[in-house]
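Please keep the sequence and the structure in view while reading.

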Amino acid sequence: MPFAHAPDELDPYLLALCPDVVASGVDLAVASEDEMYKLFLYRQGQRGAALASYFSSGSLLWETFRAALTWRFGALDRVATLLDFASGYGRVTRFIARDLPPAHLSAAEIDPAAVRFQEERCGVRGLVSTLDPDAFHCAERFDAVLVSSLFTHLPERTFGRWLARLWALVAPGGLLAFSVHDLSLRRAASAAGDGFLFEPVSESGSLAGADYGTTWIAEPAVRRALAAAAPGASVHRIPRALCNHQDLYLAVDGAAPDPAGLAGLGGRPEGFLESCRQVTSGRLALSGWAVDRVRGEPPVEVRAAVAGGVRARCRTLAPRPDVAALYPLERVTPVGWSLVVDLDPAAPVSTTPLRVEAVDAGGRAAPLWEGTVESALLRAARLDLLATHAAGAAAAGEIAALRARIAAMEASRFWKLRSRWFAVKRALRLTDER
């Protein structure tokens, strides 16, 4: 099968923007026919940025689902069987297969080529789905059924029927987790008197709009559909839990754990660390942007913590209309920020923890960057190098200096140890990362 990103390839944008994903050892193969990758490529117009969005969103989706599974079962190793339904080409499945034994996992998708891809790349059991819920046959029941971005596309005639079909696959005491677009996201929400609005348009090039369009639904309508499909289930809604956009619904067979354990899954500020450089041996200059897509109003503060203690705060936040263009369908107010952080000159940057977080008007903080000082500097250097190349700069000296800076950091004791660790993992066939 042709690849948009081969498993043994490492796009420089992917390395710069998603170093944690790369370091995790997750499979990096992307099929050329993957419609989610194509959508990111269409929106961003640049292959590397599209790959970074593809992997970072898949990782974030699994992070949310993993938290929901831990809430329900107490620990991941208590999930004996799991179905990732409407899984595409494994944007999320590959992360699940990294954290759970692939033999415990099944992936269902309507495209047979996508099913084969996940079987070959992720080692999971594949199931070919159908347009008609009644035509989907599966004798097994699962501890957990995860469904991201299917009910965001279904017309009313199949919405409730698919809920009932998937609930029938949940084992006793199990969990059905699925996402929707809340009706409040749609400006024409008043047109949906029954709380359900469907338009026969989507990013899919293979499914008819009448079968797979775009859906917005209000909470009462979701709960009515669940009451009919899953009578007796405990139901919890977490607004904007998936990528700060889609609502997550958790239906548990029987009594559910305390919903307070889900408090950390709601929508939160997000943003980007654009620049990181050492102005002196003991000072670090940081800048970037932040946005609160849930509330629509800007965050009130960005702060940086070094080794656990807050060292700098920025409350003078400047509008960033260029960033608003990244969210064409949402009413948001992105802001720019900059910080100068004091470091301990005696502490090695290779092991000094750095955390940058945005704070919303309600006082909730969310990380924009978390790692070591050295990893932030390395990432910034890689981004600077890519930007210099993209600008077509003739400054060969600037490019050479950036390459030397990157090589020096990668040759540090920290990165040498890291490289040795991954060499061991490759030898044990625990990862294919280079």
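Is Arg-237 buried, partly exposed or exposed? The model is a predicted one, and in it Arg-237 has a relative accessibility of 26%, so this residue counts as partly exposed.

## A pair between helix α8 and strand β10

The side chain of Arg-237 meets that of Glu-219 in a salt bridge, with an N to O distance of 3.0 Å. This pair links distant parts of the chain, since Glu-219 belongs to helix α8 (residues 219–229) and Arg-237 to strand β10 (residues 234–242), 18 residues apart. Glu-219 is likewise partly exposed, at 23% relative accessibility. The pair is one of 31 salt bridges counted in the model.

## A pair between two loops

Another salt bridge joins the side chains of Asp-360 and Arg-295, at 3.4 Å from N to O. Asp-360 lies in the loop between β18 (353–359) and β19 (365–372), whereas Arg-295 lies in the loop between β13 (283–291) and β14 (301–306), so the contact ties together parts that are 65 residues apart in sequence. The two partners fall into separate accessibility classes: Asp-360 is buried, with a relative accessible area of 1%, while Arg-295 is partly exposed, with a relative accessible area of 37%.

Glu-357 and Arg-303 form a salt bridge in which the closest N and O atoms are 2.6 Å apart. Because Glu-357 lies in strand β18 and Arg-303 in strand β14, this pair ties together parts that are 54 residues apart in sequence. Glu-357 is buried, at 10% relative accessibility. Both residues belong to a network of salt bridges that also links Glu-301, Arg-313, Arg-315, Arg-355 and Glu-370.

Strand β14 pairs with β18 in the antiparallel sense over six bridges, and Ala-305 stands opposite Arg-355 of β18. Strand β14 also pairs in the antiparallel sense with β15 (residues 309–314), here over five bridges, with Arg-313 in β15 as the bridge partner of Arg-303. The strands β14 and β15 form a hairpin with two residues between them, and Ala-307 in the turn has a positive phi of about 55°.

In a regular strand, side chains alternate between the two faces of the sheet. For β14 both faces are covered, with Glu-301, Arg-303 and Ala-305 buried on one side and Val-302, Ala-304 and Val-306 buried on the other. Six of the six residues of β14 are thus buried, and therefore the strand is largely enclosed by the rest of the structure.

Methods:
Residues numbered from 1 in each chain as written. Predicted model: local features only at pLDDT ≥ 70, side-chain atom pairs only at ≥ 80, totals over all residues. Heavy atoms only, no water. Salt bridge = Lys/Arg side-chain N within 4 Å of Asp/Glu carboxyl O. Helix = DSSP H or I, 4+ residues; strand = E, 2+ residues; numbered from the N terminus. Buried < 20%, exposed > 50% of the residue type's maximum accessible area, 1.4 Å probe, protein only. Pairing = 2+ DSSP bridges.
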